[in-house]
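Have the sequence and the 3D view open as you read.

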Amino acid sequence: MDYAPPGVPPPAPRSRLRNFARFTSGVFAGFIILFIPTFFAGATGFEQSLPWWAWPALGAATLICAAYAWFTRRRSPATSAGMWVGIALGLLLAGACFMGM
């Protein structure tokens with residue numbers, strides 16, 4: 001902080017453990033939210049063709065996670081960063097699952 005009024009103490013620095021916990025909770029939440037439509041689409045299309053709603057459901061879940069990460073980036077940057085990583089991991093899983101790898 002460049003300027004602080006007299007008598008106001010500077011904010012306490014964030015703990016590394018707390019930042020790590022918030023980051024990993026963001027990764028876990030983002031991955032689980034994207035895993036749910038991936039799981040149901042993969043289970044529905046098991047040994048059949050992929051259902052028509054697989055990619056739109058995954059896209060909707062991705063947009064929800066991305067909106068949450070975008071709007072909380074200033075209030076909780078560690079959680080927001082973790083959510084972006086969780087989105088990336090979830091999309092990698094969905095691509096591998098839907099494309100049959």
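H1 and H3 are roughly parallel to each other, a label given to angles under 35 degrees, while those over 145 count as roughly antiparallel, 65 to 115 as roughly perpendicular and the rest as oblique. Helix H1 covers residues 16–44 and helix H3 residues 77–98, and the two pack at an angle of about 25 degrees with their axes 7 Å apart. Here an axis is a line fitted to C-alpha atoms, for helices over the stretch in contact, and angles run from 0 to 180 degrees between N-to-C directions. The contact of H1 with H3 is made up of 18 nonpolar residues, nine polar and one charged; Ala, Val, Leu, Ile, Met, Phe, Trp, Tyr, Cys and Pro count as nonpolar, Asp, Glu, Lys and Arg as charged, and the others, Gly among them, as polar.

A word on the source: this is a predicted model, in which local features need pLDDT of at least 70 and side-chain atom pairs count only at pLDDT 80 or more, whereas totals for chains, interfaces and linings use all residues. Residues are numbered from 1 along each chain as its sequence is written, and side-chain values use heavy atoms, with hydrogens and water left out. Helices (H or I, at least four residues) and strands (E, at least two) are DSSP runs, numbered from the N terminus.

Staying with H1, you will find Val27 in this helix, where it counts as buried at 17% relative accessibility. Buried means under 20% relative accessible area, exposed over 50%, and partly exposed in between (1.4 Å probe, protein chains only). Val27 and Trp70 are 43 residues apart in sequence, with 14 Å between their C-alpha atoms. Ile36 also has its place in helix H1, but counts as partly exposed at 44% relative accessibility. From Ile36 to Arg16, 20 residues along the chain, the C-alpha atoms are separated by 30 Å.

Next comes the loop between H1 and H2, where Glu47 lies. Glu47 has a positive phi of about 55 degrees although it is not a glycine, and it is exposed, with a relative accessible area of 72%.

Now turn to helix H2, residues 54–71. Its buried residues are Ala54, Leu58, Ala61, Thr62, Cys65, Ala66 and Ala69. Seen down the axis of H2, these fall within an arc of 135 degrees, so they line one face of the helix; the arc is that of the directions from the helix axis to the C-beta atoms. An α-helix has 3.6 residues a turn, so residues three or four places apart point the same way. On the other side of H2, Leu63, Ile64 and Phe71 are exposed.

Finally, look at Ala88 in helix H3, which is partly exposed with a relative accessible area of 39%. Ala88 and Arg74 are 14 residues apart in sequence and 20 Å apart in space, C-alpha to C-alpha.

Terms used
The expected span of a helix is 1.5 Å times one less than its number of residues.
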